[in-house]
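Subject: Structure for you to look at

Hello,

Here is the structure I said I would pass on. Please open it first and then read the notes below next to it.

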Number of protein chains: 2
Amino acid sequence: MKQPYKLATARDVADKAEVSVSTVGRALADDPRISAKTKSRVKEVATQLGYVGNLLARQMRGAKSNLIGLMLPDIRNHFYATIAEALSECCSSNGYQLALSIANDPETEARHVTELISARAAGIVIVPTANPKRETQDLLNNFPHVQLLRRIEAYNSAWFGINDEDCLCEGTKHLLSLGHRRIAYIGGSRELSTGKARWKGFRRAFTEMGIEPDHAIEIFGPPSSTRFGADAMNDLLNRPEPPTALITGTIRVTQAILEILHQRGISAPDDISIVGFGDAPEFKWWGQGLTTLCMPIEDLATTCGLWFLFHLDAEKPTHLQHSSLARATLTIRGSTAPLAG
Amino acid sequence: MKQPYKLATARDVADKAEVSVSTVGRALADDPRISAKTKSRVKEVATQLGYVGNLLARQMRGAKSNLIGLMLPDIRNHFYATIAEALSECCSSNGYQLALSIANDPETEARHVTELISARAAGIVIVPTANPKRETQDLLNNFPHVQLLRRIEAYNSAWFGINDEDCLCEGTKHLLSLGHRRIAYIGGSRELSTGKARWKGFRRAFTEMGIEPDHAIEIFGPPSSTRFGADAMNDLLNRPEPPTALITGTIRVTQAILEILHQRGISAPDDISIVGFGDAPEFKWWGQGLTTLCMPIEDLATTCGLWFLFHLDAEKPTHLQHSSLARATLTIRGSTAPLAG
DNA sequence: ATGAAAGCGCTAACAT
DNA sequence: ATGTTAGCGCTTTCAT
């Protein structure tokens, strides 16, 4: 057989129920003009044939798409998993369907954006890569979309993000006020808006506290790689004068360093004070509890989703210069302590 | 403006390039019949207009869909996040696009299945809910799909899963051989194929070792709730005679109990021996390391994806009675020790 | 080497 | 109360 799964069409239902296609359409839509008798017959035949209306055909007739594209760099990151869940919930309760694309480089990103547009999705929620292709930019700027977390200036769209700079600044100040000076920062690439802001926050803490960052150590790397964080941490620990404190700039890095510290039997805050970026549940019970920079990521995603869907439903353009900043906060647990000696 | 984001059609390109629609189609598809000159003109106009072909229209003409539906109960579960990532990667490198649906109850599941079929997805990869509606079953049995992890007998489809029973049996035997008898099992509902198999494995360990399960304690609950695991654990600890060992049957439960134990300052293996289901990265560094039941979940998902896509591409029916069992294994770390006294 | 026309499955305007 | 027809954007005969 060639078509093992051929689905019934309105035509098939019409033939079997001995009415016209339009009667089928109307009966199934509960149009008041159709007699109760015909309706019930049509509905019965439809069920019998397992008829499921073809959304593609409907959309060609002008129905709006129910597909929302979500483009993320990495779904195993707790951060992004939370976003996916929140948006999925949001879409689902508003009649939309989430199409998930994982793209961590500009080429894959371009491909997926093209595909989503080609499928005439209703809109795209995107955490952009660091340097999107020109092509991607042109496409997106003529298509409903929102940026989440990371922000590309060239996009004429709304953005929902975190006050990354303040957040890192607060965390760093905490370490400085405990007397630490040889503080290391391991964060994401400064090519990302988030990576850049977080790094600026780290620097600003020194400035605002009037301390020269002479002994600060800064390491940057790809945000979605566990490997990078591990390597950076090992490098730090192998130095003749390892830092007395460390603050991280991505969740993946936080997870990586926790594992390395555990492997090497180094404990916080005795050997080193740690402020971890992000708030995965397990951070609570790492050692004596990890001091973390927590962000209301679920709220952020839900807000973003609701705003976006509202605008789509209202057929308002989504490129109003809207931007929304969620406040991240420092949660102090056991991994940070005053500098000994 | 009514259509803030109107995309160009082949018609628009044709008009501007002063050719017919069919020439546009052929030029863009690099049909050899079109002259090089015309081709380049058409392509230029297309780029200029930001033309992106309408996939819906193509599919109506018979092109096959590139959409694969993935239905999961819970994306924040590390287990399922891994699956989503693996399948996304798999789809992406075979020209497919992943549509993610989170459904944890039969109604939502039915809705999402209908939507995916209505959108004429190419196929569905599903981790079914415990008791799918009859409607869902009928729909799926006439639509290309595979079952992942959980298995519904009524589906005439292939299944890719884990040897749940052996896995729990092995973990339980480990505890029994350490001398434990008052062993608690906290697992997922036995209405799920997985929950049932794991429970049977727990029981079988006693049988095979010739030990009466007089002192075994069994607690079952919803698999995607963190709350349930926490409550169950607290209940156990508040008993006059708490168990000396515990084995869990879902990742969520494992995560929940680790947090409770940490909160209450109870440590393994001194106060209680623990075998945790699943292998989230943080389990390595809980206390002195958690003894876990590890499953090759990424491999499983990839295998499943490759098999499914291959069958879709070949237009083979996917309901060949294929089933694939991945082996889970016990990794012994610091949380289990011989029963004292 | 290119154009005209049919048709995929559906809905809505226009008959009857 | 129901049928007929046109057309959404595309590909694919079938003409020229």
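In this predicted model, a base oxygen of DNA strand D is 2.8 Å from an N or O atom in the side chain of A:Arg26. That pair counts as a polar contact, meaning two N or O atoms within 3.5 Å; within protein, one must be able to donate a hydrogen and the other to accept it, and residues adjacent in sequence count only if both atoms are side-chain atoms. The side chain of A:Arg26 also has an N or O atom 3.3 Å from a base nitrogen of DNA strand C.

Some notes on how to read the numbers. Residues are numbered from 1 along each chain as its sequence is written, and chains are lettered from A and ligands numbered from 1 in the order in which they are written. Since the model is predicted, local features need pLDDT of at least 70 and side-chain atom pairs count only at pLDDT 80 or more, while totals for chains, interfaces and linings use all residues; side-chain values use heavy atoms, with hydrogens and water left out.

DNA strand D

Around DNA strand D there are 21 residues, and A:Ser22, A:Thr23, A:Arg61, B:Ala10 and B:Tyr51 come nearest. A residue is near a strand if one of its heavy atoms lies within 4 Å of it. Of the atoms of DNA strand D that come within 4 Å of the protein, 59% belong to sugar and phosphate. Backbone atoms take part as well: an N or O atom of A:Met60 is 3.3 Å from a base oxygen of DNA strand D, and one of B:Asn54 is 3.3 Å from a phosphate oxygen.

Which helices supply at least two residues each of this surface? They are α2 of chain A together with α2 and α4 (55-60) of chain B. The largest share, 3 residues, comes from α2(A). Helices (H or I, at least four residues) and strands (E, at least two) are DSSP runs, numbered from the N terminus. By class, the surface near DNA strand D has 6 nonpolar, 9 polar and 6 charged residues. Here Ala, Val, Leu, Ile, Met, Phe, Trp, Tyr, Cys and Pro count as nonpolar, Asp, Glu, Lys and Arg as charged, and the others, Gly among them, as polar.

DNA strand C

DNA strand C is surrounded by 22 residues, the closest being A:Ala10, A:Tyr51, A:Arg58, B:Thr23 and B:Arg61. Sugar and phosphate make up 64% of its atoms that come within 4 Å of the protein. The surface near DNA strand C divides into 6 nonpolar, 10 polar and 6 charged residues. At least two residues each come from α2 (21-28) and α4 (55-60) of chain A and from α2 (21-28) of chain B.

A:Asp31

A:Asp31 sits in the loop between α2 and α3 (36-49) of chain A. Is A:Asp31 buried or exposed? Its relative accessibility is 17%, so A:Asp31 counts as buried; buried means under 20% relative accessible area, exposed over 50%, and partly exposed in between (1.4 Å probe, protein chains only). Not counting residues up to four places away in sequence, A:Asp31 touches A:Arg26 and A:Lys39, where contact means heavy atoms within 4.5 Å.

Further along chain A

Chain A is divided into domain 1 (10-53), domain 2 (67-162 + 299-326) and domain 3 (164-296), with bounds from an automatic or database domain assignment. The centres of domain 1 and domain 3, taken over C-alpha atoms, are 64 Å apart.

Helix α11 (residues 251-263) of chain A has 13 residues and should span 18 Å at 1.5 Å a residue; its end C-alpha atoms are 19 Å apart, which agrees. The expected span is 1.5 Å times one less than the number of residues. Among the buried residues of α11(A) are A:Ile251, A:Val253, A:Ile257 and A:Leu261. Their cover includes α5 (78-92), β6 (183-188), α10 (226-238), β8 (245-248) and β9 (273-277) of chain A. Just after α11(A), A:Gly265 has a positive phi of about 65°.

B:Gln97

B:Gln97 lies in strand β2 (residues 97-102) of chain B and, at 5% relative accessibility, counts as buried. Its side chain makes a polar contact of 3.0 Å with the side chain of A:Ser101.

Regards
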